[in-house]
Each structure stands twice: as C-alpha cells, then as structure tokens.
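Subject: Structure handover

Hello,

Please find the structure below. My notes on it come after.

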Amino acid sequence: MTDWEEDQAQPEELRSVSWQSESVMFSVSREKIYLSGKVFVFPRSGVSGRSDYMKLHTTKTTLNSATVCFRFITDITQGYSLFSLSTPMHKNAFLLYKPKDDVIKVHVNDLTTDFLSLPSPPNTWHSMCTTWSSNNGLSQLFVNGKLTIKRFVSFKKPITGVPSIILGQEQDEYGGGFDAKQAFTGMISKVHMWDYVLSTTELRAYEKGENFTPGNVLNWRALDFDPSGLASVDEDPEYVVKCP
C-alpha cells in the first residue's frame, strides 16, 4: 500500500491529531489515533527523575505468539530499550533491548536470548521486526531487510495478563521502575504488533512499505496511546504522499 493509498484508506471514525507549533498536540483520550506520516519523538537523553515515554494500549491479554515491527533512529551509543511489554507476573514479558552497537536482546517472560552481529549505525533509520512463538520457543529478527538465525528464548507458556506497553523506557517493574541509563532518545514510527508470527513475505512487505495487514494488537493507523514527559508526535521526515 502506498502512502497515498494508506491515506485514502483511513477509517472515518479515526481522527487525525491537531497541529500546534512544530509538534502535534492532542488531548488524552481512549480514541484511537491515525498516525500515518507521523513519528514518536523522544528528545531527551536519560535524566534521573525525568521520564519521557509513550504508553500504548491494547485489549489483548493473552499472546501465544507475537510479532512486533517498527522503525527507529537514534544518535546514542549507550544501551537503550526499544520496546517494553510488562505484565503483573513478568516485568520483561516481551522486551527488546539494545545493550550495545551490534547486539539485540529479546526477553520473553523474563527469559532472554542475544542476537549478535547486528550493527545499527547512528543517525540512520532502521527497520526491525521481532517474532516469537510459544509452540517452539523460537525468536527471530528481521533487521533492515535481512533475517537473522532463529534462537530459543521461551516456550510452552504464553504471555498473559493486562499488558503495560512502553516505548522510550524499560520497565523494571510493572508500569514503571524506569532507569535513566536505559532510556531511548530519538524517533520511532510505524509501530505494529500481531498475536501471531508473520511470514517472511509479510515481513518483507512491511519493510518495503508495501501492502500488509496492520497489527491486530497494535496498529499505527489506529493507535491508542498516552504521552508522558516531553515525548511527542511530529511529522515523519521520510513520509512522502504519492499522487494517484
């Protein structure tokens, strides 16, 4: 689906955010927001006592499998959290954490595995998808159009409970416990999450910006979220509307 086709497909019941100054400002509600052509901005490096993050909401409370996709850009080299899903039982129910330049740690139900040799140069947009299935416990990444090997992380146990989903911070406890040294600084966009493992064809369609089925857990085109601190919504510098 092209950017123009995506705009035309916007459901009537969704509202676009209103503009104020150079950022997008909006009132907090449970109304889902259409974010095509937008990015989440996390403008501050980790500062103790100050937490900039986006809290995402979903009605799903059981995940036997999962796929999470998003695009991100940053200029920091310290460790940072990319996606943090916590439940009352497991603080790292589904966590994507980058401790250093070429490593991505995937946590599921507080168990973890490391994906290696994945350099992500600063000040460059990166596309990343992560899959996991409880049937076999295997996880795999799809980073900038390339599949990694599959690694075992956790199996025979689904992710259950009301999820607390945070972008920009890593939860050391359910809904909080943020560590400034693990905060993300930069921009994140096109966040989607599914309750199943996407095929390689679907992963490639997402990465190329082609027609793909939006996430049924989190959908960037109909997202329920709350900002905190200086986290905000702004224009996507890569977004180009194609004329029909």
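This is a predicted model: local features need pLDDT of at least 70, side-chain atom pairs count only at pLDDT 80 or more; totals for chains, interfaces and linings use all residues.

Residues are numbered from 1 along each chain as its sequence is written, and side-chain values use heavy atoms, with hydrogens and water left out.

The sheet

An open sheet is formed by 7 strands, in the order β10-β9-β8-β7-β15-β4-β18, with antiparallel pairing. Strands here are DSSP runs of E, at least two residues long, numbered from the N terminus, and two of them pair if DSSP finds at least two bridges between them. The edges are held by β10 (111–115) and β18 (225–228), each with a single partner strand, so one side of each has no neighbour in the sheet. On average, neighbouring strands of this sheet are turned by 20 degrees against each other, direction ignored (axes are lines fitted to C-alpha atoms). Within the sheet, β7 (residues 80–86) pairs with β15 (residues 164–167) in the antiparallel sense over 3 bridges. Leu-85 stands opposite Ile-165 in β15.

The disulfide

The count comes to 1 disulfide (a pair of cysteine sulfur atoms within 2.5 Å). Cys-69 and Cys-129 form it, with their sulfur atoms 2.0 Å apart. Cys-69 lies in strand β6 (residues 65–73) and Cys-129 in strand β11 (residues 126–133), so the link ties together parts that are 60 residues apart in sequence. The link is right-handed, with 115 degrees about the S-S bond. Both Cys-69 and Cys-129 are buried (under 20% relative accessible area; exposed is over 50%, partly exposed in between, with a 1.4 Å probe and protein chains only).

A pocket is an open set of points on a 1 Å grid where a 1.4 Å probe fits, with protein on both sides within 12 Å along at least five of seven lines; lining residues have an atom within 4 Å of a point. Of its 13 lining residues, Lys-32, His-57, Thr-58, Thr-59 and Val-217 are the closest to the centre. The lining divides into 4 nonpolar, 6 polar and 3 charged residues.

The loop residue

Gly-161 lies in the loop between β14 (159–160) and β15. Gly-161 is partly exposed, at 26% relative accessible area. From Gly-161 to Ala-93 is 9.7 Å, C-alpha to C-alpha, although the two are 68 residues apart in sequence.

Regards

Terms used. Helices (H or I, at least four residues) and strands (E, at least two) are DSSP runs, numbered from the N terminus. Axes are lines fitted to C-alpha atoms, for helices over the stretch in contact, and angles run from 0 to 180 degrees between N-to-C directions. Ala, Val, Leu, Ile, Met, Phe, Trp, Tyr, Cys and Pro count as nonpolar, Asp, Glu, Lys and Arg as charged, and the others, Gly among them, as polar.
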